[in-house]
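Colleague: Could you walk me through one part of this model up close? I'd like to know what sits where and what touches what.

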Amino acid sequence: MNEGEVDNQELLLTEDQYLTSGVHIGTQQKSADMKDFIFKVRGDGLYVLDVKKTDRRIRRAAKHLSRLDPKTVLVVSARQYGQKPVKVFSEIFGFNYFAGRFVPGTLSNPQLPSFMEPEVLMVTDPSADQQALKEAVTNGIPVMGLCDANNETKNVDIVIPSNNKGRRALATVYWLIARELAKNKGIENFELTVEDFEATI
């Protein structure tokens, strides 16, 4: 899909809702890879992500996931605030997941009890989840990932530009992907809220 095609499409959340959840708040460093997803730089030096592009990529990720057998999807988060959203998200749809430490060799060592060969790996942060990312790349497994302003994305096939460190932001993005995925799968009574995905402090 051409990024420009859906410019007039209504956002999955209002722009205000995106902003209050902090999905757009980037870091004070930006990588060259992420420059197309940066909306502006704030006075305090924080890079701000373009929520319209985030919105488009959430739809794209959900569309891709809806075509796959859930047993062939692996979702990971080493980041503390990503663990609950990943667990809730994965349990709704029957995806495999690691919420916490990823077991090295899971994607590369057939001798391990945890070994699997997923059709897609979804990472919450390419930096924090680099072991899983590295094994996926080595084995030709496509990767989708939540990428902040400072992330390198050369090994991420579907980039979802997002604050991947904030508690509310992570809950919001995973909730939106889940809601969109439920819609794509024809699940009509998706009643979970962002709060259901949010890590407790």
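Modeller: Start with β3, helix α3 (residues 80–93) and β4, which form a right-handed β-α-β unit. Right-handed here means that, with the strands pointing away from you, the path from the first strand over the helix to the second runs clockwise. Helices (H or I, at least four residues) and strands (E, at least two) are DSSP runs, numbered from the N terminus. Bear in mind that this is a predicted model: local features need pLDDT of at least 70, side-chain atom pairs count only at pLDDT 80 or more, and totals for chains, interfaces and linings use all residues. Residues are numbered from 1 along each chain as its sequence is written, and side-chain values use heavy atoms, leaving out hydrogens and water.

Strands β3 (residues 73–77) and β4 (residues 96–99) run parallel, joined by four bridges; DSSP has to find at least two for strands to pair. One of those links ties S77 to A99 in β4.

Now D125, which sits in the loop between β5 (120–123) and α4 (130–138). Beyond neighbours within four places in sequence, D125 contacts (heavy atoms within 4.5 Å) R79, L146, N151, N164 and K165.

For contrast, take E15, in helix α1 (residues 15–20). E15 is partly exposed, at 37% relative accessibility. E15 and V51 are 36 residues apart in sequence, yet their C-alphas are 7.3 Å apart.

Methods:
Buried means under 20% relative accessible area, exposed over 50%, partly exposed in between (1.4 Å probe, protein chains only).
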